[in-house]
Amino acid sequence: MMRQTILVGLIVICAALWGCTRKNTSAVGPTPTAFGTALVESSGGKQIGGVGTTLPQPVVVQVNDDQGNGVAGAPVEFTGPRGVSFDPASGVTDSSGQFTTNVMLGSMAGRYQLGASTHTKAQKSVDLKLEEIALGDQERLGAHLDETYCNRCHNPESTPERVSNYDNLEVKPHSFTEGDTLNKMSDADLTAIISHGGPALNKSPLMPPYGYTLKKMEIQALLAYIRMVSDPPYRPAGTYYVQK
Ligand code: HEC
């Protein structure tokens, strides 16, 4: 009985200590040992993921000094709109001056603006903004249909599963992220060319009609997807900003 009580007591004390240590490390994190003057994106911006999922690639930023060299041990902090989480949200740069975080998007479809910041020795804040895209169910369906029907012509790059037909096409289609072209087309025009093919807009018949293959809601899903991924953005609605 006595032995049991002591054991339980020990477990409770260990748990309490463990809880405290964990809390302390996550709240304070490693202490910065150096400071830079600039913050740049290394990779991971403009990714496309599903709502509530972790982006396929981590986001990597770099703290630089006045000469553009990476600074190791500099502080970095990430902030995002409600529902976005970072693993980790803050810390210090590695030996090459970089800081890496995994980003989980919120539950709303749209563009998410993320903020990264560091500060100089004089406590002056240096900020960087990044943007990521979260696809909802409708846009996810659109992405799937794109992969099934459109990508082989509209994406110039081949993958192990799919050889691109792009180079064989006399008239070159655009990638759906090319907002400079696609943003100028109205919803009605997009629906017309997807349903009835290129000739519907006096364009090349190399763009086939999909009105018999796809349901109306599938064409709408493609439209929603094309609008969501365009760069520059089609329209700012559905943009979620960093909460300070
Ligand atoms: C066999 C190749 C091919 C496939 C498959 C294809 N397209 Fe196209 N598409 C074209 C070509 C070629 C053009 C350019 C026509 C022109 O500019 O005259 C085009 C043009 C377009 C345009 C006008 C903007 C642009 O890129 O110039 C849209 C929108 C479009 N396609 C959507 C789709 C969608 C959505 C799908 C899948 C459901 C699809 N296309 C599948 C070849 C294709």
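A polar contact, as I use the term, is a pair of N or O atoms within 3.5 Å; within protein, one of the two must be able to donate a hydrogen and the other to accept it, and residues adjacent in sequence count only if both atoms are side-chain atoms. With that in hand, a polar side-chain atom of histidine 174 lies 2.8 Å from an oxygen atom of the ligand.

Before going on, please keep in mind that this is a predicted model, in which local features need pLDDT of at least 70 and side-chain atom pairs count only at pLDDT 80 or more, while totals for chains, interfaces and linings use all residues. Residues are numbered from 1 along each chain as its sequence is written, and side-chain values use heavy atoms, with hydrogens and water left out.

Histidine 154 belongs to helix H2 (residues 137-154), whereas methionine 207, 53 residues apart from it, sits in the loop between helix H4 (187-196) and helix H5 (216-229); helices here are DSSP runs of H or I with at least four residues, strands are runs of E with at least two, and both are numbered from the N terminus.

Is histidine 154 buried or exposed? Histidine 154 is buried because its relative accessible area is 16%, and buried means under 20%, exposed over 50%, and partly exposed in between, with a 1.4 Å probe and protein chains only.

Around the ligand there are 21 residues, of which Cys150, Cys153, His154, Ser204 and Met207 come nearest; a residue counts here if one of its heavy atoms lies within 4 Å. A polar backbone atom of serine 204 is 2.7 Å from an oxygen atom of the ligand.

Finally, consider H4, whose buried residues are Leu190, Ala192, Ile193, Ile194 and Ser195. Glycine 197 follows H4 and has a positive phi, near 90°. Tyrosine 212, in the loop between H4 and H5, counts as exposed because its relative accessibility is 86%, and its C-alpha atom is separated by 7.7 Å from that of serine 195, 17 residues apart along the chain.
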